[in-house]
Amino acid sequence: MGRLHPSQDHKQRTTKKLVVCKHWLAGNCNRFPCQFLHSRELVEPSWPKQQQQQYAKRFSDDHNPKKKKNYNNNTWRRSSTTTTTAAGGGGVVVTNNNKTEKVVCKYWVKEKCNYGNSCKYLHSWTTGNCFTLLAQLQGHEKVVTGIALPSGSDKLYSGSTDKTVRLWDCQYGTDAGVFNLDGEIGCMLTEGPWIFVGLPNFVKARHTQTGTVLSLNGPIGQVYALVFDDNNHMLFAGTEEGPILAWRFVNGSNFERAATLIGHTHHVVSLFAGAGNILYSGSMDKSIRVWSLETFQCLQVLTDHTSTVMSVLCWEDFLLSCSLDKTIKVWAANESGNLEVTYTHQEDSGVLTLCGVHDSEAKPVLLCSCSDNTVRVYDLPSFSERGRIFSKQAVRRIEIGPGGLLFTGGESGQVRVWKWLTDHQSSSTTTA
């Protein structure tokens, strides 16, 4: 087939409207012929002088990092940034406030990019050679709020605000069933063969081997957080109204109400049972509370965050917390035994959840999900970034599985299965 050539009418139209194609500038124009220019040579002798000056100013403004620009939905949004192609390919390096980041090609995400290896944007779900994507499990229609892998089961469980719990076959990565529940699922937890599901006004417990189902009543409003304390054999639930309810596990088959922890004035969205009979809770009231599990009394209130405390966890002798205030804080006990902030790590967007894991060399690593649709992978204690995981929408849950597996789920409704790369695999991938 011969090459198409623009018609005379088209030439006349482009002569009248000498404008550089903004889609071509963004690297994604797929029209031929295109009525706009595919060239950065903006000034031609035949242009009127006034038009030359006007367009030269527009081009200058578009490439001035101090000027804010708004493009339509078909182009990458840029604000106070400049872009350059990374040496050796592998995505665009976006320089913002002296930081460099890589940008995933949004057309590649939709399987519509025609540029292949020559595309200046990233064609990968990860950077840093930390993880490889094994499977994408699609079935939920709304946000994935819980992921659980019970012991002795070959099924992965996921819960969502679409009011369903889905089962996935771990061997084949296929849908293995669905349970329809009476309300939105705020969280999930597994302890041994038990699955716990946080629902409006109660917690549902299911034994995955015997099929026993229990309803733990008492919460008022949605249950957003669950944690099991092995030392005291107790289940804790953080509720919408602020109280934290506790049940004691008795006789290996039943739960009895043990206590109600009062103090938070807003949704309790994160819980962590630490060493020394201590429970940590994070809330939308911007505080972290430290509770004694011997007396069920609050020992300390931490108020350094300025927005919702989304996640708390312990690492060695430290408490780590993250918030929508775009920070991760590291807490340590002072001489009087009270916790205080020893380090604050700043992010560019709100931080949604934290997960601690060890890499293939048993080194501690922190996984940090942010509202910019990325999961950052940090070495501890340095907080040096070693890679990222990209998603279509924000990741809300991160769970560790056996054999180096990692599960993520979030606002897209998709559950993704990842695997840690060993040093040998990372080297091979880099070489390739």
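1. The lining of the largest cavity divides into 2 nonpolar, 7 polar and 3 charged residues. Here Ala, Val, Leu, Ile, Met, Phe, Trp, Tyr, Cys and Pro count as nonpolar, Asp, Glu, Lys and Arg as charged, and the others, Gly among them, as polar.

2. This is a predicted model, in which local features need pLDDT of at least 70 and side-chain atom pairs count only at pLDDT 80 or more, while totals for chains, interfaces and linings use all residues. Residues are numbered from 1 along each chain, and side-chain values use heavy atoms, without hydrogens and water.

3. The structure holds 1 cavity of 30 Å³ or more (a set of points on a 1 Å grid over the protein atoms alone where a 1.4 Å probe fits but cannot get out; lining residues have an atom within 4 Å of a point). The volume of the largest cavity is about 70 Å³ (the space filled by probe spheres set on the points, which are joined across faces, edges and corners).

4. Strand S29 (405–410) gives the most to this lining, with 3 residues; strand S30 (414–420) supplies at least two. Strands are DSSP runs of E, at least two residues, numbered from the N terminus.

5. Residues 302–341 are 0% helix and 60% strand, with end C-alpha atoms 9 Å apart.

6. Six strands form an open sheet, S10-S11-S12-S13-S14-S15, with antiparallel pairing (at least two DSSP bridges between two strands). Its edge strands are S10 (187–191) and S15 (254–261).

Terms used. 1 Å grid on protein atoms, 1.4 Å probe; cavity = no way out; pocket = protein on both sides within 12 Å on 5 of 7 lines; lining within 4 Å. Helix = DSSP H or I, 4+ residues; strand = E, 2+ residues; numbered from the N terminus.
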